[in-house]
Amino acid sequence: MSELHVLTLLMCSVLDTQLDEFAELVSKHYGLDIQKDFADPAAVSDVGYFCSTGEFLTSSQEDVYILGRICRDAEEGKLNEASVLLESSRLIGNGSRVRLKFENTLTIRGSGSPEAAYIFPGAILAAKGRNGGGGWFSVKEILQVRIHHRGSTRNKEKAFAIAR
């Protein structure tokens with residue numbers, strides 16, 4: 001195995017660990033169960049699928065919770081509501097990517113501003129909504145959790161606000 005391949009696997013593992021740790025934080029804060037309440041945001045709504053525990057599930061039109069890292073649909077251009085993708089962890093969503101669509105009735109829960117959520121590449125997002133047929137996920141609610149750390153502010157230039 002080449003050094004580059006090993007480095008890539010290591011980075012993927014680190015990013016997955018961050019997502020899984022944040023999922024634990026969100027589940028504790030909101031009283032959710034990671035195995036029962038969180039789902040693969042890209043799971044097709046009218047077909048069954050195997051979840052991370054190996055159990056065969058069928059999606060319904062029920063709301064589910066998702067969690068993942070924000071990324072763009074292209075390397076070039078600014079992030080906006082039309083270009084937002086969510087990449088899930090391997091534990092929660094098999095590492096899948098799905099386009100996010102924010103509903104007009106979007107609510108924002110938790111710490112921070114109840115009127116706006118800042119979305120930028122690399123941000124970790126927890127949300128509630130419904131699968132739109134495998135190609136997109138309809139976000140009804142954003143779950144915020146305040147984390148106290150000395151982080152970089154460089155992503156503020158790349159962020160956009162979703163205000164409701």
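Asp 63 has a relative accessibility of 29% and therefore counts as partly exposed. In this predicted model, the side chain of Asp 63 meets that of Arg 130 in a salt bridge, with 2.8 Å from N to O. The two residues belong to distant parts of the chain: Arg 130 is in strand 7, whereas Asp 63 is in the loop between strand 2 (56-58) and strand 3, 67 residues apart. Arg 130, at 30% relative accessibility, is likewise partly exposed. Salt bridges with shared partners join Asp 63, Arg 130 and Lys 140 into one network.

The salt bridges of the protein number five. Side chains of opposite charge can pair when their charged atoms come close. Three of these bridges are listed below, with the relative accessibility of each partner.

| Salt bridge | N to O distance | Relative accessibility |
|---|---|---|
| Arg 130 and Asp 63 | 2.8 Å | Arg 130 30%, Asp 63 29% |
| Asp 73 and Arg 99 | 3.3 Å | Asp 73 39%, Arg 99 27% |
| Arg 97 and Glu 87 | 3.2 Å | Arg 97 47%, Glu 87 25% |

The side chains of Asp 73 and Arg 99 meet in a salt bridge. This pair also links distant parts of the chain, with Asp 73 in the loop between strand 3 and strand 4 (84-88) and Arg 99 in strand 5 (residues 97-110), 26 residues apart. A further salt bridge is formed by Arg 97 and Glu 87. Arg 97 lies in strand 5 and Glu 87 in strand 4, so this pair ties together parts that are ten residues apart in sequence.

The structure also holds one aromatic pair. The ring centres of Phe 38 and Tyr 65 are 6.1 Å apart and the planes stand at 50 degrees, so the pair is tilted. Because Phe 38 is in the loop between helix 2 (34-37) and strand 1 (48-50) and Tyr 65 is in strand 3 (residues 64-72), the pair ties together parts 27 residues apart in sequence. Both Phe 38 and Tyr 65 are buried.

Helix 1 comprises 28 residues, which at 1.5 Å a residue should span 40 Å; the end C-alpha atoms are 41 Å apart, in agreement with that expectation. Buried residues of helix 1 are Asp 16, Leu 19, Phe 22, Ala 23, Val 26, Ser 27 and Tyr 30. An α-helix has 3.6 residues a turn, so residues three or four places apart point the same way. Leu 10 also lies in helix 1 (residues 3-30), but Leu 10 counts as exposed, at 51% relative accessibility. Together with Leu 4, Leu 7, Met 11, Val 14 and Leu 15, Leu 10 forms a nonpolar surface patch with about 550 Å² of accessible area. Helix 1 is followed by Gly 31, which has a positive phi near 70 degrees.

Ala 126 is located in strand 7 (residues 124-131) and counts as buried, at 1% relative accessibility. Apart from neighbours within four places in sequence, Ala 126 contacts Val 26, Ile 66, Leu 67, Glu 141, Ile 142 and Leu 143. The C-alpha atoms of Ala 126 and Phe 22 are separated by 8.8 Å, although the two residues are 104 residues apart along the chain.

Overall, the protein has three helices and nine strands, and its elements run α-α-β-β-β-β-α-β-β-β-β-β from the N terminus. Of its 164 residues, 37% count as buried. Among contacts with a separation of 6 or more, 66% are between residues 24 or more positions apart. The protein exposes about 9,800 Å², of which carbon and sulfur atoms supply 52%.

Terms used
Residues are numbered from 1 along each chain as its sequence is written. This is a predicted model: local features need pLDDT of at least 70, side-chain atom pairs count only at pLDDT 80 or more; totals for chains, interfaces and linings use all residues. Side-chain values use heavy atoms; hydrogens and water are left out. Helices (H or I, at least four residues) and strands (E, at least two) are DSSP runs, numbered from the N terminus. Buried means under 20% relative accessible area, exposed over 50%, partly exposed in between (1.4 Å probe, protein chains only). Contact means heavy atoms within 4.5 Å. Patches are made of residues with over 30% relative accessible area and no salt bridge: like charges are joined within 9 Å, nonpolar side chains (Val, Leu, Ile, Met, Phe, Trp, Tyr) within 5 Å. Accessible areas come from the Shrake-Rupley method with a 1.4 Å probe; for residues, only the protein chains shown count as cover. A salt bridge is a side-chain nitrogen of Lys or Arg within 4 Å of a carboxyl oxygen of Asp or Glu. The expected span of a helix is 1.5 Å times one less than its number of residues. Rings of Phe, Tyr and Trp (its six-membered ring) pair if their centres lie within 6.5 Å; planes under 30 degrees apart count as stacked, over 60 as edge-to-face and the rest as tilted.
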